[in-house]
Amino acid sequence: MKIIKSLLVGASLAFVASITQAANSGNTLASVDPEADRLAMQSFFQKRFPQVPLDDYVNGIYALDPGSREQWEEIEEFPPYEFDIEEGEILFNAAFANGKSYANCFANGGIGIRQNFPRWDESQGKVVTLELAINQCREANGEKKLGWKKGKIAQISAYMAYTSRDNVFDVQIPNDEAKAAYLDGKQSFYTRRGQLNMSCANCHVAGANILIRADLPGPTLGHVTHFPVFRSKWGNLGTLHRRYGGCQKNVRGVPQKTQGEKFRNLEFFQTYMSNGLVVNGPGARK
Amino acid sequence: MAKGILRAKAKVKGDNTVVKIMAKHAMETGNRKDKSGNKIPAKFIQTLSVAYNGKTVMETNMGTAISKNPYLAFTFVGGTKGDELQMTWTENTGASATETAKIK
Amino acid sequence: MKKTISLVAVLMMVSGVVAAQPFNEAFNEQRAMYGKGHSFTWDGQTYITDHPEEVAAAAEANAANAAKLLASAKAKYAEVMAVDFGWTLTKKLLKSSNVAFEAGNFRKSMNISAQAEYHSRMGIAQYHQSQTEWIMAVPE
Amino acid sequence: MMNRRSVLKAVFTGGLVAGMGVLMPRVAMAAWSKVAFEAKSQEAAMGALYGADPSASAEVTLKAPDIAENGAVVPVSVKSSLAGVTSIALFVANNPQPLAAQFTIPEGTLANVSCRIRMGKTSDVTAVVTTASGVFSASKEVKVTIGGCGG
């Protein structure tokens with residue numbers, strides 16, 4: 001009689017490391033070097049797409065794929081987010097019940113400051129994204145928080161980004177606590193999740209401009225510069241964290257919390273990677 | 001709302017005026033269903049006509065295959081900076097309005 | 001009986017070191033090619049391409065076993081959600097397992113529970129991998 | 001002028017309800033044609049509008065993507081170097097209602113229009129241009145893919 005044994009597999013996670021090599025440093029607080037990471041990321045893309053100028057990466061996939069770019073340029077002739085900028089301006093300037101407005105909460109009255117977000121907030125001991133700052137401003141003035149993903153918060157964020165167009169992203173990592181948040185974001189970026197077992201990096205570093213099902217993922221370099229975006233798929237404007245949640249669902253994982261620590265740190269890491277590029281939000285995407 | 005649903009960018013280019021118009025409209029096809037499975041009734045812009053100095057320069061009939069936030073671009077001969085364009089839209093529901101935009 | 005055999009298998013995995021292909025790799029390959037219920041030979045022994053959850057679900061279909069499996073799958077889901085690595089389909093699976101259970105369809109319920117538990121176990125494995133091996137994916 | 005045969009064809013393809021509308025004179029073309037816009041096939045829609053099948057012409061230029069980024073928003077432009085263009089129409093053969101839009105071009109307006117259309121699936125897109133001397137067209141296949149994630 002044949003004995004059939006059943007087996008226990010520790011993890012059937014197939015680890016495809018074809019494009020990647022193990023780095024020996026950069027994974028601990030002591031060894032992580034954000035500036036080296038940023039330069040490495042830039043040089044990775046410049047080696048892969050030598051014909052694409054660095055400053056064109058703010059246009060995402062449109063920097064890489066001419067067919068998509070042509071359609072996008074046609075859309076940009078009259079972009080659908082223009083209505084949202086208009087609405088955003090009205091909302092931004094509307095006074096709260098106590099007579100104050102958003103302008104009171106931000107440096108320079110909230111105009112032209114998008115490039116400084118997300119930022120490490122010393123007193124709160126955490127990364128503060130623009131959307132978080134908007135809601136904190138509301139709460140400090142006795143107003144209710146807005147929903148995080150779309151609608152008013154995206155419109156206000158869009159207007160603030162619009163007033164900051166062409167300003168250069170300049171995310172600072174002032175201390176070790178901030179560096180720890182950066183490292184956490186970096187870890188999230190390279191971590192595989194969901195049933196498809198994919199990380200952000202799988203699609204947006206290695207997979208940039210390679211057909212994945214029927215889509216061409218954009219490069220992570222310049223990824224955050226054009227948010228919030230009007231996605232044709234959504235049919236409206238949405239925030240970066242809305243997209244994060246969508247990405248995690250796309251790999252069949254339960255999304256992490258919108259504006260939770262993980263997402264804020266991920267945004268911190270991703271935006272740091274795009275330091276030196278300009279703000280071009282809001283954007284239009286497929 | 002003080003402002004209508006139309007936004008226009010009209011610019012003089014040489015002897016011509018290039019007009020780009022976008023309407024804020026969902027262009028509901030009548031084929032979609034809501035969460036409880038009921039058909040969402042069709043509601044879309046059917047016609048959009050543009051006049052300059054009392055003369056029609058473009059007349060558009062649209063079906064439900066026109067995208068949400070309909071966009072239209074065309075060029076007509078003539079046009080002076082500062083003059084107004086009259087844009088009239090009608091919905092399949094019968095709703096209608098005329099809005100204006102300045103040529104820049 | 002089944003339990004002892006599984007234990008033997010585990011011991012075999014630990015001791016059977018020198019093989020052309022690591023066991024996990026061989027298993028994954030066979031599973032991917034033939035699905036579950038396929039037997040193959042590795043290091044002179046015959047194995048079957050079933051996940052442990054599927055082995056558990058092969059027990060007699062009755063209310064007690066189905067309830068046990070569903071409870072175990074739910075507990076595993078809570079575990080994976082606690083580390084924030086859940087998979088999207090799992091919740092639906094648990095729901096349909098429950099529906100099948102209520103309808104007295106214990107075989108179906110047990111099979112679905114097994115699938116749900118597998119999802120959660122993999123999610124937890126991803127969590128552990130993220131803690132240790134994420135750096136492997138960083139390009140030089 | 002429509003000849004008797006094309007009218008019959010139009011009546012036939014447009015269906016019973018369509019009959020009345022189709023028999024109206026050509027001048028009514030500028031009005032929103034329920035028959036044409038609600039026609040379920042491109043043939044019927046074209047029949048209702050033109051009576052005759054348009055002939056392909058190199059002087060009609062249709063600009064549309066090879067692969068649409070998103071079927072919900074497909075940018076399309078049509079221009080023509082033909083003299084005396086009076087109207088331009090756009091058809092998407094595989095849409096539930098193939099006629100997408102119809103533009104009346106008065107004298108003094110260039111035969112050059114752009115818009116954005118919806119496409120349910122991969123389909124030929126056809127631009128039809130009317131002049132005093134006939135009805136001309138250009139077609140192009142636009143692929144619509146089902147996106148996995150997008151962006």
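This is a predicted model: local features need pLDDT of at least 70, side-chain atom pairs count only at pLDDT 80 or more; totals for chains, interfaces and linings use all residues.
**Stop 1**

Select chain B and hide the remainder. The C-alpha trace extends about 55 × 25 × 20 Å along its principal axes. Colour the chain by pLDDT: the average is 90, and 98% of the residues score at least 70. Among the elements of this chain, strand β5 (residues 71-77) has the highest mean pLDDT, 95, while strand β7 (residues 96-102) has the lowest, 92.

**Stop 1: the interface of chains B and D**

Now display chain D beside chain B. On each side of this interface, 30 residues are in contact with the partner chain. The two chains bury about 2300 Å² between them, and 49% of that area lies on carbon and sulfur atoms. Select B:Asn61, B:Ala65 and B:Tyr71, the residues of chain B that lose the most area to chain D; together they account for 27% of what that side buries.

Highlight β2 (16-23), β3 (45-52), β4 (55-62) and β5 of chain B, each of which supplies at least two residues to the side that touches chain D. The largest share, eight residues, comes from β4(B). By residue class, the side of chain B that touches chain D divides into 15 nonpolar, twelve polar and three charged residues.

**Stop 2: the strand pair across the interface**

For a specific position, centre on B:Thr60, whose bridge partner in β6(D) is D:Phe103.

**Stop 3: a salt bridge within chain A**

Over all chains, the structure holds 18 salt bridges. Side chains of opposite charge can pair when their charged atoms come close. One to inspect is that of A:Arg69 with A:Glu73, where the closest N and O atoms are 3.0 Å apart. Both residues belong to helix α2 (residues 66-76) of chain A, and because they are four residues apart there, about one helical turn separates them.

**Stop 4: confidence and backbone geometry in chain A**

Colour chain A by pLDDT. Its mean is 87, with 91% of its residues at 70 or more. Then select residues 1-24 of chain A: the pLDDT over this stretch is below 50, and in the model the stretch has 65 contacts beyond near neighbours in sequence.

Most residues other than glycine have a negative phi, and most peptide bonds are trans. The peptide bond that joins A:Phe117 and A:Pro118 is cis, with omega about -5 degrees. The loop between α3 and β2 of chain A also holds A:Asn108, a residue other than glycine with a positive phi, near 55 degrees. Finally, move to the loop between α7 (200-206) and β4 (229-231) of chain A to find A:Pro228. A cis peptide bond links A:Phe227 to A:Pro228, with omega near 0 degrees.

Conventions: Residues are numbered from 1 along each chain as its sequence is written. Chains are lettered from A and ligands numbered from 1 in the order in which they are written. Side-chain values use heavy atoms; hydrogens and water are left out. pLDDT is the predictor's confidence in each residue, from 0 to 100. Contact means heavy atoms within 4.5 Å. Buried area is the accessible area (1.4 Å probe) that two parts lose on being put together, summed over both. Ala, Val, Leu, Ile, Met, Phe, Trp, Tyr, Cys and Pro count as nonpolar, Asp, Glu, Lys and Arg as charged, and the others, Gly among them, as polar. Two strands pair if DSSP finds at least two bridges between them. A salt bridge is a side-chain nitrogen of Lys or Arg within 4 Å of a carboxyl oxygen of Asp or Glu.
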